[in-house]
Amino acid sequence: MMVLQRVSALLLLFLAAFLPPPQCAQDPAMVHYIYQRFRVLEQGLEKCTQATRAYIQDFREFSKNMTVMLGRCQTHTSEYKSAVNNLALRVERAQREIDYLEYLREADVCVESEDKTLAEKILQEAEEEKKIRTLLNASCDNMLMGIKSLKIVKKTMNTDGSWMKDTVSDSPKVYFLIGSRNNTVWEFANMRAFMEDSTKPAPRKLILTLPWQGSGQVIYKGFLFFHNQGTANEIIKYNLQKRTVEDRMLLPGGAGRAPAYQHSPSIYIDLAVDEHGLWAIHTGPGTQGHLVLTKIDPGTLGVEHSWDTPCRSQDAEASFLLCGVLYVVYNSGGQGPHRITCVYDPLGTINEEDLPKLFFPRRPRSHSMIHYNPRDKQLYAWNEGNQIIYKLQTKRKLPLE
């Protein structure tokens, strides 16, 4: 509409400019000329108007189509956005389900692993217990109830040493080892010859090819077992008849790095024999000052088993084994009284409450050795140069369940 108004205004201006003056209006030729020109202009204006209307119509159609297309695009955009959001939600839900399934799988694996570990542990403990019971299956069911009496067999000037008889054979011979570092063994024909120096035959002097350390020696089936001097943990098996080293072993577990007993500082490895065979008592790293009990095969010198005991090395002076049970002797300040305050049974058949108070007859100093002889059921001890025998009172242990 605004375009038509502008065209009309231009037409009026044209007419005003080209119309002849009044004096020319009476000329027919001039009037016809003007009329023809006006018709041309009118036709041009009509064509312009029609073109303008066509253009306007086309523009309106285009605008309408664009509006429809934009609406559809917006609709498609909303649908696409909704689809994308829905897909994201489904992906998130699927991820949560995958995570949950993974958690369940790991939980099942952990439970299965824990169950398997527990089952293996139970089986291992059962096999270990069976092995220990097989290892300690000797027909021995006695437990210590008291020290009945004391007998001083011999007196010497030496504060440290050990003396013993063979713990297995019926030989009456007595062996005498003086000092905590030596290589000389005195062999007496019997107990009387040992007690009376003037009694014949005279003792036989055995010079070992290796020296011992401490006073924890034992004799088992004709062999002397001792801690080799100058080594931390070497055990020597010495053939007394042939006077040769039969075998040797290194005691494992860090043995021999510290004294086994506070009041017997020369003993780093204490050997013992009972009805079950050969044992070693010592300390080790990581035991917080507690004694370690090790069972040794006397034939092969292989370790059969080892136990960490609750018995402390502090204030201890000696220990011995009887029927597979460790008895540790303590005293305060090295002056006595000497009493057994820690008992360890690998089979668990003896409880502390089952035992009476176990005291030794009062002695002025600490024992440098106390060893049990399973053949004559007595304790052989060395205290301040005195060689002593303690007779024991025992009773039967409770049977294993």
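Me: How do β15 and strand β16 pair, and over how many bridges?
Reply: This is a predicted model, and in it β15 pairs with β16 (residues 339-344) in the antiparallel sense, with five bridges. Across that pairing, Y330 stands opposite R339 in β16.

Me: And what about β14 and β15, which way do they run?
Reply: β14 and β15 run antiparallel, joined by six bridges. On that side, L321 has L326 of β15 opposite.

Me: How many residues sit between the strands in that hairpin?
Reply: The hairpin of β14 and β15 has two residues between the strands, and C323 takes a positive phi near 55° there.

Me: Is β15 buried or exposed?
Reply: Buried. Six of the six residues of β15 (residues 325-330) count as buried, so the strand is largely enclosed by the rest of the structure.

Me: Which residues of β15 point which way?
Reply: V325, Y327 and V329 point one way, while L326, V328 and Y330 point the other way, and all are buried.

Me: Ok, back to β14. Where is E317, and is it buried or exposed?
Reply: E317 is in strand β14, which covers residues 316-322. E317 has a relative accessible area of 0%; buried means under 20%, so E317 is buried.

Me: What does E317 touch?
Reply: Leaving out residues up to four places away in sequence, E317 touches Y261, H263, S264, V329, N331, H338, S366 and H367. Take N331: it's 14 residues from E317 along the chain, and their C-alpha atoms are separated by 7.1 Å.

Me: New topic: how many aromatic pairs are there?
Reply: The structure holds nine aromatic pairs. One of them is F176 with F188: the ring centres are 6.4 Å apart and the planes are at 70°, so the pair is edge-to-face.

Me: Where do F176 and F188 sit in the chain?
Reply: F176 is in strand β3 (residues 174-178) and F188 is in strand β4 (residues 181-188), twelve residues apart. F176 is buried at 5% relative accessible area, and F188 is buried too, at 7%.

Me: What about F360 and Y390, how are their rings arranged?
Reply: Their ring centres are 5.0 Å apart with the planes at 75°, so this pair is edge-to-face. F360 lies in the loop between β17 (358-359) and β18 (367-373), and Y390 is in strand β20 (residues 386-396), so the pair ties together parts that are 30 residues apart in sequence. F360 is buried, at 5% relative accessible area, and Y390 counts as buried at 0%.

Me: Which residues do ring pairs link into a cluster?
Reply: The cluster is W163, F176, F188, F194, Y380 and W382. F194 also has the charged end of K154 over its ring, 5.1 Å from the centre.

Me: What lies over the face of W279?
Reply: K295 does, at 5.6 Å from the ring centre.

Me: Zooming out, how many helices and strands does the chain have?
Reply: The chain has three helices and 20 strands. It has 401 residues, and 38% of them are buried.

Me: What share of contacts join residues at least 24 apart?
Reply: Among contacts between residues at least 6 apart in sequence, 54% do.

Me: Last one: what's the accessible surface of the chain?
Reply: About 23,500 Å², with 56% of that belonging to carbon and sulfur atoms.

Technical notes: Residues are numbered from 1 along each chain as its sequence is written. This is a predicted model: local features need pLDDT of at least 70, side-chain atom pairs count only at pLDDT 80 or more; totals for chains, interfaces and linings use all residues. Side-chain values use heavy atoms; hydrogens and water are left out. Helices (H or I, at least four residues) and strands (E, at least two) are DSSP runs, numbered from the N terminus. Buried means under 20% relative accessible area, exposed over 50%, partly exposed in between (1.4 Å probe, protein chains only). Contact means heavy atoms within 4.5 Å. Rings of Phe, Tyr and Trp (its six-membered ring) pair if their centres lie within 6.5 Å; planes under 30 degrees apart count as stacked, over 60 as edge-to-face and the rest as tilted. A charge sits over a ring if NZ of Lys or CZ of Arg is within 6 Å of the ring centre and within 35 degrees of the ring normal. Two strands pair if DSSP finds at least two bridges between them. Accessible areas come from the Shrake-Rupley method with a 1.4 Å probe; for residues, only the protein chains shown count as cover.
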